[in-house]
Amino acid sequence: MRSQRKIQPFLALAGAVILSVIPFTLQGQTVSLESLLTEMTDRDQIARFPDPAYTNKQFSSYDRASERPGNQEWFANWDRTNFLRTEINNGRREFVLFDAKGPGAMVRYWMTFGGPGAGEGTLRFYIDGNDTPVIEGNAMEVLSDGIITGHPLSTSVSPLTDYQIRGHNLYLPVPYAENLKVTYESDNVAENGAKQGSEDVYYNINYRTYTSDVKVRSFSMDQLEEAEELLSNVQQQLSERDKESDLEPLELSHLPVSRTLEPGEDFSQKIEDSGAIRRIMLQLFAEDEKQALRSTIMEIRFDGNRTIWVPVGDFFGTGYQIRESDTWYTTVTAEGEMSAYWVMPFQEVAEIKFHNMGEQTVHLQNTVVSYSDWEWDDQSMYFGSSWQEYSNVYTGEQKNMEGIGDPLDVNFTHLKGKGVYVGDVLTLFNTAYDWWGEGDEKIYVDGEDFPSHFGTGTEDYYGYAWVRPEIFNNHPFIAQPDGSGNITPGYTINTRFRSLDDIPFREELKLDMELWHWTSTQIDYAPITFFYMRPGGDILVEDDTTNVQRKLNVKREDVFSPWIENTRIDGQNLIVDFFSGGKIRFQYLYDAGLTGNKHLWWHEAESGDKLHLRFKSKEAGMFRISANLTKAPDYSTVRMWINGEEVSRDFEGASETLTTEMVDLGEFKIQKGDNVLEVSVLGYSPGYEKAFFGIDYIKFQN
């Protein structure tokens, strides 16, 4: 039965709470660029339900074939160059990306481009029905090259990636009283939108809509100039993120919670006073640090309501391996010092508990919870976090852009009640030489049949683009502290913390993400979410005790066994230790007689390139070895060695048709434990300039 964590209403014993701090509110005031910038850096306001009220929704270029759950088209993947309409404005053909009625504010704009003339077009922002745009310029310059504002409100990631294939992010709020329309003009875009050989345009734009009685001062360049000093201060505060200085004006109390925990042991401390936790600092030591980061649980109860039960590593945004990052809400250093700066209010008591659910001793050192006074009112909310892992989850069959191949929606979180959604971190371990994150976010608010947030790809949701593995870990709201698992077996962490793009809900919020991996494989996929809830809310996520206790997968061989079993090993189970050129993939290939229609594929290699593969044997001895190898017109001639001994003859992979050949490699001495198969390209198939090689399986007979 699915467990529910209910946030109970709390009744103050004295019948009232003494107010000592004036809460942030815009009630009776005007929403403007200045008010939104002030809100962006006010740490307290996110812990109170918004006043004035607003909704947050999204325009995006998602595939319009995705109309309803339950059919193949729900996972259609042509998520580009899908516009609201085409207009002719002053003789210009402009594609409309965004058109929203006010009062409102655009609060986050992500975009990337592909194909001929990528990003060379012009963005225009039209406000309140005016024919003259209030913002006009080259798309990438407007979004991320600083012509309107600087970093980090205007940024592109990763800075290690070529500029043309980055995700371009604009966090500068654009308020509007009546209407905002955004268009893109480009001669490189085909008349009917998405078309082979034309420019591809991808976008996700988040916007607030306030209740009709809220006054909004519409954005203008004059207003931007008036707010120059405030904007500069906000940029500086978000860039430097001197979180300790932010805490200095507060009268902080400190609760030390350092402790050594034996396997199965718990430890708890209470703060018995009204207030708000402002900072949690923690450093963890154990013989197996990775396992301890996942198997050590932090639980927090506010006024008797348990709203947090999560692994400590995931809570601080580093998963089960220490990766440096510095965001508005979290900091992780190379030495493993982890800090979180979420504001966590409570009325009378907060209890912090740590559980060692692993099988080793864990030392919590330099662990301190810092708290201050808080004025609890009818807008104050409890902070919450939910975590779950989809371990060794099957990713479906080979996909196509129409959604065939069994992608699936996985749930990040499901909340019932009244609150605000403020972010998430995704930690995963990929096992294939292929992209795992083609899937789109789908966020349902207050019982929507169709999600008001439907995205264009997981990396787009997290602010980057084009599957890039390069790290970025120094932005206030988005981070990829590790991307090594994006297109190769390995570890990936993606972070998105929400500022003005937070999502209020009054009855319910459900966030699903498509698990849309290009290759059939198994991966570990663990989202943690962050939110605030008014008393009376339910967190509909189970405590995932099984996955916090299980042994972690840290290498591909932890999932796909490289050991000889029943006299054979499949190509996809071989350990790829090294390849000097080309690319590796575990490829689907039909009509070739392959086991499971899949083989280890080495492609686009050059003459002389080498590939080292490893497998393991439980016994030593002399074995007759044969291999089922792939042949095709463009496959190459290769030479092979087993444990340094040359195979009896070179293999000629060229064939008139796609097929396989069982090749006798000869008799070899196999060692107990590790063994190496080396492959070297000798030459190309006639008429081709690249080398290709595939292994279905290897057979052993003694």
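Biologist: Is aspartate 650 buried, partly exposed or exposed?

Modeller: Buried means under 20% relative accessible area, exposed means over 50%, and partly exposed lies in between (1.4 Å probe, protein chains only). Aspartate 650 has a relative accessibility of 25%, so aspartate 650 counts as partly exposed.

Biologist: What kind of model is this?

Modeller: Residues are numbered from 1 along each chain as its sequence is written, and side-chain values use heavy atoms, with hydrogens and water left out. Local features need pLDDT of at least 70, side-chain atom pairs count only at pLDDT 80 or more, totals for chains, interfaces and linings use all residues, and the model is predicted.

Biologist: Which side chain meets aspartate 650 in a salt bridge?

Modeller: A salt bridge is a side-chain nitrogen of Lys or Arg within 4 Å of a carboxyl oxygen of Asp or Glu. Here the N to O distance is 2.9 Å, and the partner of aspartate 650 is arginine 639.

Biologist: How many salt bridges does the structure hold?

Modeller: Some of them join up: Arg92, Glu94, Arg124, Glu136 and Glu185 form a network of salt bridges. For the structure, the number of salt bridges is 46.

Biologist: How far apart in sequence are the parts that aspartate 377 and arginine 48 tie together?

Modeller: Their side chains meet in a salt bridge, 3.1 Å from N to O. Aspartate 377 lies in the loop between β26 (362-372) and β27 (382-387), and arginine 48 in the loop between α1 (33-40) and β3, so the pair ties together parts separated in sequence by 329 residues.

Biologist: Are aspartate 377 and arginine 48 buried or exposed?

Modeller: Take this bridge from both ends. Aspartate 377 and arginine 48 are both buried.

Biologist: How many residues separate aspartate 326 from arginine 241?

Modeller: Their side chains form a salt bridge of 3.7 Å, N to O. Aspartate 326 is in strand β21 (residues 325-326), arginine 241 is in the loop between α4 and α5 (243-247), and the separation of these distant parts is 85 residues.

Biologist: How many helices and strands does the protein have?

Modeller: Consider the whole chain. The C-alpha trace spans about 85 × 75 × 40 Å along its principal axes. The secondary structure comes to nine helices and 50 strands.

Biologist: What is the radius of gyration of the protein?

Modeller: The radius is taken over C-alpha atoms, and the globule rule is 2.2 Å times the number of residues to the power 0.38. For 702 residues the rule gives 27 Å; the protein is close to that, so it is as compact as a globular protein of that length, with a radius of gyration of 28 Å.

Biologist: What share of the residues in the protein is buried?

Modeller: Threonine 112 is one example: its relative accessibility is 2%, so it counts as buried. Of the 702 residues, the buried share is 62%.

Biologist: Which residue joins histidine 151 in a cis peptide bond?

Modeller: The omega angle of this bond is about 5 degrees.

Biologist: What is phi of threonine 81?

Modeller: Threonine 81 lies in the loop between β3 (54-60) and β4 (85-89). Its relative accessibility is 3%, so it counts as buried. Its phi is positive although it is not glycine, with a value near 55 degrees.

Note on methods:
Helices (H or I, at least four residues) and strands (E, at least two) are DSSP runs, numbered from the N terminus.
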